[in-house]
Amino acid sequence: MNETPAQAAERGGRNIDADRLMRALLLSGFGALIVKLLASGEMSRYMNPSLNPLTAAVGLIMLAMGGLELRAAVRGEAADWTAEAVADGWTERGLTYGLVAVTLVIGLLVAPRTLDSAALAGEDLASYLLTFGPSAPVSQGSTTVVQPARPIDDLSELLSYLSRAGAGGVGQRVRVTGLVARSGGLGLDEFPLLRFMIVHCVADARPIGLLVTHVAALPEVDQWVEVEGVISMRDRGGARLLAIEATSVRPIKEPPDPYLHPF
Amino acid sequence: MSALLARFHDLSTLFISIVLQSLPFILIGVFAAAAAELYLPARLLDRWPPRRSTLSVLLASLAGLAIPVCDCGVIPFARRLLAKGLPPSAAITLILAAPVVNPIVAVSTALAFQGNWWLVALRLGMTLSVAVLIGLLASRLSPWLEPKAAEVLAGPPPVTWPAEVSPPAPEGRSLVGRASAEFFEVIFFILLGALVTAAVQTFVPRALLTAVGHDRALSVAALMPLATILSICSEADAFIARALAGSFSPGSLLAFMVIGQIIDLRNGPLLLRTLGRRYVALIVAVSYLLVFLEAQAVNKFAPRL
């Protein structure tokens, strides 16, 4: 049987509370995990970077909680308990500590994997290909939005531009990056460029496809590529697909932030 | 790397991302629960809210407007309010309504749907209707529900400290120590829910459910379990629903955003732990049925919402 802090005090010794010590380690572990992911840049493979300040604050709070729990443990102060946890007994508490520890080990030791075409789980990317809306002007130059002289750089800027220009953006030069994917019903010189958009975290990721045409040689699936070309429109099955007529397709390394974000 | 290994790698990435995303809201919940435990006088809520169940359920359904807690944080908070005397029916209503009926979710939904306030109002209204109905049913049916739930909903029993656990001295209890205790009370179930959600997202093709998007009745029936499986946070789910808007009816999108915050895999284990099987069965049955019918009504009377 463990000695209570009062009994320890009576004999002039300090009895470190094992639960409090374990909680201190695990709470600090969460803080350390967040610090490690933010410092290494790996957090962007889990979360929308706009949430980094909030996540950093959580990391600091958990480190502080861990520190305070450790100080209390060393002082021999007994851990607080919810009534439910007391009723649970050691087996349930051990399971909790074990599952938290396993989670931390995975987070600290296993590098995150960026979603690729395997995350589509067999779904055809064709249903996620970007299209011009039905209300968009159908002819080039029928919009008041002026086409920029420089190429539009990457998909986020392209989407923002096309939301204003609609089909008036046809002919605009662009440079976009993404993963090479495959889809049924495309020509031999075409492939869908795949990106995932996340709002909060990878769990809410949704795929976005952009048709790339006039490709000299199709790259390997899941290869990151940079496509340069001009915006065009392709009628397929009644839909007006947004397409990039490629002038160059070159392999690149995975970008530091591989996901798109709506904000 | 083999395809199977890659899928397990995806599983671990999804799992950690769900945990990281949940942590801020869990912390808010456990600190709110700790503050309620330490600073609210015992049985304070015996006197307030009013004893009449209908009024207390209605007040609880709107509590999220003043205390915007998400689905990760509301359960530990509600547990402590129960211990302070909040009626069980009001606590259930709070758990079901607060994650959606709050200003943050209203604004995020409006942002996702380009200021479509009719849709925002319908989302909040549908959630309120489910939460209030289940709260009222719970107040009428509680004597017949399982003993475990009755015990839990009556508040924690007096604590008998086992020999190996040293009770903390009352003067030594701190907000952080209590929040830490609350954290380790709920984290097992949050992690379990996150693991199941990540596994389902990794291994169950969404195409199985989204293939029926063009049929009005079937699309509602398809998106409801999808929302339960995906377990997306209430501040983010509207953006996912918006992405589905091209293929799905307004009713099915509303059903997705309402049921996903009431019944989700991530919080399922904690809800079971808190309320017991029969209360959870009541919540699942009533919420699925009511949301399905309301979504069909939206499709019939407001197909172009």
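**Note on the predicted model: chain B, its helix packing and selected residues**

1. In chain B, residues 24 or more positions apart account for 85% of the contacts with a separation of 6 or more. The model is a predicted one. Chain B holds 15 helices and zero strands. Of its 305 residues, 59% count as buried. Its accessible surface comes to about 11700 Å², and carbon and sulfur atoms supply 71% of that area.

2. The largest nonpolar core has 125 residues. Leu20(B), Leu23(B), Leu94(B), Phe183(B) and Phe256(B) have the most contacts inside this core. Helix α1 of chain B, residues 3–39, gives the largest share, 14 residues. Apart from this core lies another, of 27 residues, which includes Tyr161(A), Val170(A), Val174(A) and Ile244(A).

3. What does Phe256(B) touch, if residues up to four places away in sequence are not counted? Its partners are Leu223(B), Leu226(B), Ala227(B), Leu230(B), Ile232(B), Asp237(B), Ile240(B) and Ala241(B).

4. One packing to inspect joins the two chains. Helix α2 of chain A (residues 18–40) packs against helix α9 of chain B (residues 175–203) at an angle of about 80°, and the axes are 11 Å apart. The two helices are therefore roughly perpendicular to each other. From α2(A), the contact is made by Arg20(A), Arg23(A), Leu26(A), Leu27(A) and Phe30(A). From α9(B), it is made by Gly177(B), Ser180(B), Ala181(B), Phe183(B) and Phe184(B). By class, the residues of this contact are six nonpolar, two polar and two charged.

5. Helix α14 of chain B (residues 268–275) and helix α15 of chain B (residues 277–301) have axes that come within 7 Å and cross at roughly 125°. That makes α14(B) oblique to α15(B). The residues in contact are Leu271(B), Leu272(B) and Leu275(B) on α14(B), with Arg277(B), Tyr279(B), Val280(B) and Ile283(B) on α15(B). Six of these residues are nonpolar, none is polar and one is charged. After α14(B) comes Gly276(B), which has a positive phi near 90°.

6. Is α14(B) largely enclosed or largely open? Six of its eight residues are buried, so α14(B) is largely enclosed by the rest of the structure. The buried residues are Pro269(B), Leu270(B), Leu271(B), Arg273(B), Thr274(B) and Leu275(B).

7. A further packing of α14(B) is with helix α4 of chain B (residues 71–83), at an angle of about 10° and with the axes 10 Å apart. Those two helices are therefore roughly parallel to each other. On α4(B), Ile75(B), Pro76(B) and Arg79(B) make the contact.

8. Two residues deserve a look for their backbone angles. Most residues other than glycine have a negative phi. Asp222(A), which is not a glycine, has a positive phi near 70°. Asp222(A) lies in the loop between β4 (206–213) and β5 (224–236) of chain A. Its relative accessible area is 27%, so Asp222(A) is partly exposed.

9. Ser231(B) is the other residue to check: its phi is positive, about 55°, although it is not a glycine. Ser231(B) sits in the loop between α11 (216–230) and α12 (237–244) of chain B. Is Ser231(B) buried or exposed? With a relative accessibility of 5%, Ser231(B) counts as buried.

10. Arg234(A) is placed in strand β5 of chain A. Its relative accessible area is 19%, and since buried means under 20%, Arg234(A) is buried. Residues up to four places away in sequence aside, Arg234(A) touches Glu190(A), Leu211(A), Thr213(A), His214(A), Ala239(A), Arg240(A), Leu241(A), Ala243(A) and Glu245(A).

Methods. Residues are numbered from 1 along each chain as its sequence is written. Chains are lettered from A and ligands numbered from 1 in the order in which they are written. This is a predicted model: local features need pLDDT of at least 70, side-chain atom pairs count only at pLDDT 80 or more; totals for chains, interfaces and linings use all residues. Side-chain values use heavy atoms; hydrogens and water are left out. A nonpolar core is a set of buried Ala, Val, Leu, Ile, Met, Phe, Trp, Tyr and Cys residues joined through side-chain atoms within 4.5 Å. Buried means under 20% relative accessible area, exposed over 50%, partly exposed in between (1.4 Å probe, protein chains only). Helices (H or I, at least four residues) and strands (E, at least two) are DSSP runs, numbered from the N terminus. Contact means heavy atoms within 4.5 Å. Axes are lines fitted to C-alpha atoms, for helices over the stretch in contact, and angles run from 0 to 180 degrees between N-to-C directions. Angles under 35 degrees count as roughly parallel, over 145 as roughly antiparallel, 65 to 115 as roughly perpendicular and the rest as oblique. Ala, Val, Leu, Ile, Met, Phe, Trp, Tyr, Cys and Pro count as nonpolar, Asp, Glu, Lys and Arg as charged, and the others, Gly among them, as polar. Accessible areas come from the Shrake-Rupley method with a 1.4 Å probe; for residues, only the protein chains shown count as cover.
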